[in-house]
Amino acid sequence: MKGTLIAGRILAWAAVVFAALIILAVGLVAVADTAMGRPLLIRGLALFIQRPITVNGALETRLLDSAPRVSAEHVIIGNPAWTPAGVALEADKISIVLRLPGWRRSGGITAIDIQGASLHLLRDAAGRANWQWRDPAIRRINSNSAIVRSLSIAKARVQLDDAKRHLQFVGIVSAQDINGQGTAQPLRIDGAGQLNGRPATFRISADSLLTASHRLPYHFTFAERSGDSHLEVTGFLPQPFIVDIADATFVASGPDLKDLYFLTGVHLLDTGEYRLSGKYSRRGTHTTFSELAASSGSSDIRGSVVTDSASGRPRFDVLLDSQVLKLSDLGLRAAGRLPGPPSPLLLSDAMISPNVLHVAGAAAKYHANRVEVGRLDLKDVSLTATISQDVLTVSPLAASLSGGRVDARLSLDGSKEVPAAVADIGIFGLQLGPLLQKGSAPPPMEGALQIRVSVRGLGRSVHQVAASANGTLTVRMTGGALRESLAELTDVDLRGLRLLLFKNKRDVPVRCGIARFKAEDGTLTAQDLWVDTDPVLITGEGRIHLDSEGLDLAIRGNPKSLRLLRLQAPVLVQGTLAHPSIHVAVKQSRLRLIDRGQALDRDCTEASP
C-alpha cells in the first residue's frame with residue numbers, strides 16, 4: 001500500500017546516501033590531511049554535495065589495499081538546501097570498504113558499517129527530502145549507480161517526519177546484510193518505536209545485496225504490526241535500485257480499518273473487524289491500487305484506485321463496487337468506540353476524513369447491488385462523485401427503494417473548518433407497505449409516497465449533518481389503504497377497540513395525506529401532518545430530533561360520522577427512527593359519550609406532487 005514501506009525503505013536508502021557522502025568527504029580528507037588542506041577540502045566537498053559536512057574525530061585510511069578502507073569518527077552531515085536547515089546524520093563511527101573503478105566496471109561501495117548513528121529524516125508535502133542525493137526538482141535516473149554489497153547499522157536512533165506520506169516515526173532501527181566468504185545473506189531491516197503515535201514494529205527482508213544487479217528485479221517482503229492491525233507486503237523493484245518504480249501485493253487485517261493510519265498514514269473510515277488485499281504499482285508520481293478487495297461485517301467492496309501526485313497534491317480516480325454495503329458496518333459504533341447499546345443509528349455516523357477533501361482533484365464511480373441503511377434496503381445503487389477545490393459533489397446518486405426511485409444531489413464543502421453540506425433528495429413512487437410489513441402479516445398501511453428533502457447542515461458524517469440541518473422535508477401520499485382497526489383506533493372509540501380486539505384486517509381507502517416538516521438546527525417540526533381516510537381524518541403534530549433520532553409525535557383521529565363513548569386520546573409515536581414505539585396516551589384522554597363526527601374531507605390537491 002502507498003506509504004507502507006516508507007519508514008523502513010527510507011532508512012535503508014538514507015544510510016546508503018549518507019555513507020556515499022562520507023566516502024567522498026572522508027576519503028579525500030585522508031589524502032589532504034593537513035592543517036590547511038583539510039578544512040578547505042571539506043568546504044569544497046560540502047559545496048559539491050550541497051550539504052554541510054563535519055568530521056570531528058579520528059581518521060583511518062587504507063586506500064592502497066586491494067579492498068580500500070576508510071573509517072571516521074564523530075561525523076555530522078547537515079540537511080541539503082532544498083530542506084530546512086538541520087542535522088540529517090550523526091554517527092560515532094563509520095567504516096566503509098570501497099571498490100575502485102576498473103576495466104568495464106564502475107567503482108562503488110562494497111560494505112558500510114555505521115555505529116552509534118542518529119538519523120533525523122524529513123520530507124515535506126511536496127516530496128523534498130533530506131535523504132535525496134540531489135535536488136528532486138532535477139530528475140535523474142542512473143541505472144549504473146553503485147550498489148552497496150553489505151550493510152550493517154546497529155540500533156540506530158531514527159526520527160522520521162514524512163509530511164508527504166503522513167508518517168511520523170521515532171524508534172530504533174537495525175539493518176544487516178553481512179556477506180562473508182562469498183555467501184549471500186538476505187538483507188534484513190528491523191524497527192520498533194512509535195509510528196504515528198502508536199507502538200509499532202516492522203521488518204523488511206530482501207534479496208542479498210551481494211547478488212543484486214541492475215539487470216534483475218530486486219525482491220522484498222515487508223511485515224508491519226501496530227496493536228492488532230497487521231500489514232504484509234510482497235513485491236519487487238523492476239529496475240533496482242530505482243525506488244520510484246515498484247510492484248507489490250498486500251494484505252491488511254485488524255479490528256478497525258481506520259487503524260491502518262498508524263501503519264500507512266492513509267486516512268480511512270472506522271469499521272469493525274476487516275480484511276483488505278490488493279495489488280500496488282508505482283511509476284514515479286503515478287500509483288495504482290488494483291484488484292482491491294475489502295470486507296467488514298456483512299459488507300464488501302472491490303475495485304481500483306489510481307493516484308497522481310505530480311502537482312504535489314494527489315489526484316484520484318476511483319472505481320468501486322459492492323455486492324452488499326451495510327452502513328451499520330461503518331462508523332464509530334461499528335468499531336466499538338461509542339458507548340451505549342449495540343443497536344445502530346438509522347443515520348450513519350461514519351465520518352469522512354478531512355484529507356479526502358483536501359486533494360488536487362478526484363473522480364469516483366461506485367455501484368452496489370444492495371445498500372442497507374438501518375431498516376431501509378436500497379437496490380442497484382450508483383453514484384458519480386468529484387472533488388474540486390475542496391468541494392465534494394455527488395451528482396447523481398440513484399437507487400431503487402421499495403418499488404420507488406431515489407434521485408439525489410449532494411455536496412460537501414471542505415474549505416471550511418467544519419464542512420458544510422447541501423442535500424437535495426427526491427424519492428418517487430415509494431411503496432409504503434413493504435417498509436411496514438413484519439413477517440407474513442399484511443402491513444398496517446399501504447400506498448405510494450413522494451418524498452422531497454432539501455436541507456443544509458454541518459459535519460463530516462450523515463448523522464452530524466442531519467443533527468445540524470436546516471431546510472424542509474415533505475412527504476405526499478395519494479391513494480392507498482389503511483388497516484380499518486388502526487384508522488379507528490386513532491379515534492379510540494368503542495368501534496375502534498372492537499375492531500382491534502377482533503384483529504380486523506379489513507382495509508379502508510386512504511384518499512390522500514401529507515407531512516410537511518421544517519428543519520431548524522437538527523429538529524424537524526411538523527407544519528402540516530394529516531392522512532384522510534373515509535371514516536377518519538387523522539392529524540398529527542410534534543417533532544423529530546435528528547441529533548438523538550428521537551421521535552416525539554402525537555396522532556389524533558377526527559371522526560367523520562357519529563361515535564359513541566369516544567375516548568379523546570392521542571396516539572404517541574416515540575422511540576427512535578430505527579426503533580419507533582406507538583402507544584395511546586391514556587393520561588391525556590377525555591371521555592365523550594357522543595361525538596357527532598364533523599370532520600370533513602381534505603382537499604387532495606394539496607397532496608399532489
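Student: Okay, which residues form one aromatic cluster?
Tutor: F169, F202 and F222 make up one aromatic cluster. Keep in mind that this is a predicted model.

Student: How many aromatic pairs does a search of the whole structure find?
Tutor: The search turns up 4 aromatic pairs. In one of them, the ring centres of F202 and F222 are 6.3 Å apart and the planes sit at 20 degrees, so that pair counts as stacked.

Student: And where in the chain are F202 and F222?
Tutor: F202 is in strand 9 (residues 198–206) and F222 is in strand 10 (residues 218–226), so the pair links parts of the chain 20 residues apart.

Student: Is F202 buried or exposed? And what about F222, buried or exposed?
Tutor: F202 is buried, at a relative accessible area of 5%. F222 is buried too, with 3%.

Student: What about F250 and F289, are those rings stacked or edge-to-face?
Tutor: Edge-to-face: the centres of F250 and F289 are 6.3 Å apart and the planes are at 80 degrees. F250 belongs to strand 12 (residues 245–254) and F289 to strand 14 (residues 286–296), so this pair ties together parts 39 residues apart in sequence. Both F250 and F289 are buried.

Student: Which residues touch the most other members in the largest nonpolar core?
Tutor: Y218, F250 and L276 do, in a core of 58 residues. There's also a second, separate core of 46 residues, with L401, L449, V475 and L482 among its members.

Student: Switching topic. How many disulfides does the count come to?
Tutor: The count is 1 disulfide. C512 and C604 form it, with their sulfur atoms 2.1 Å apart. The torsion about the S-S bond of C512 and C604 is about -75 degrees, so the disulfide is left-handed.

Student: Which parts does the pair of C512 and C604 tie together?
Tutor: C512 is in strand 26 (residues 507–520), while C604 is in the segment after strand 33 (590–595), so the pair joins parts that are 92 residues apart in sequence. C512 is buried, at 0% relative accessible area.

Student: Now strands. How do strand 15 and strand 16 run, parallel or antiparallel?
Tutor: Strand 15 (residues 299–308) and strand 16 (residues 315–326) run antiparallel, joined by 7 bridges. Strand 16 also pairs with strand 17 (residues 361–373), and those two run parallel, with 11 bridges between them. V318 stands opposite A364 in strand 17.

Student: Last topic, salt bridges: how many does a search of the whole structure find?
Tutor: It finds 18 salt bridges. One of them is D190 with R203, where the closest N and O atoms are 2.5 Å apart. D190 lies in strand 8 (residues 187–195) and R203 in strand 9, so the pair connects parts 13 residues apart in sequence.

Student: What does D259 meet in a salt bridge?
Tutor: The side chain of D259 meets R198, at 3.7 Å from N to O. D259 is in the loop between strand 12 and helix 3 (261–264) and R198 is in strand 9, so the pair ties together parts 61 residues apart in sequence. D259 counts as buried at 6% relative accessibility, whereas R198 is partly exposed at 25%.

Student: And which residues do salt bridges that share partners join into one network?
Tutor: K326, R370, E372 and D377 are joined into one network that way.

Methods: Residues are numbered from 1 along each chain as its sequence is written. This is a predicted model: local features need pLDDT of at least 70, side-chain atom pairs count only at pLDDT 80 or more; totals for chains, interfaces and linings use all residues. Side-chain values use heavy atoms; hydrogens and water are left out. A disulfide is a pair of cysteine sulfur atoms within 2.5 Å. Helices (H or I, at least four residues) and strands (E, at least two) are DSSP runs, numbered from the N terminus. Buried means under 20% relative accessible area, exposed over 50%, partly exposed in between (1.4 Å probe, protein chains only). Rings of Phe, Tyr and Trp (its six-membered ring) pair if their centres lie within 6.5 Å; planes under 30 degrees apart count as stacked, over 60 as edge-to-face and the rest as tilted. A nonpolar core is a set of buried Ala, Val, Leu, Ile, Met, Phe, Trp, Tyr and Cys residues joined through side-chain atoms within 4.5 Å. Two strands pair if DSSP finds at least two bridges between them. A salt bridge is a side-chain nitrogen of Lys or Arg within 4 Å of a carboxyl oxygen of Asp or Glu.
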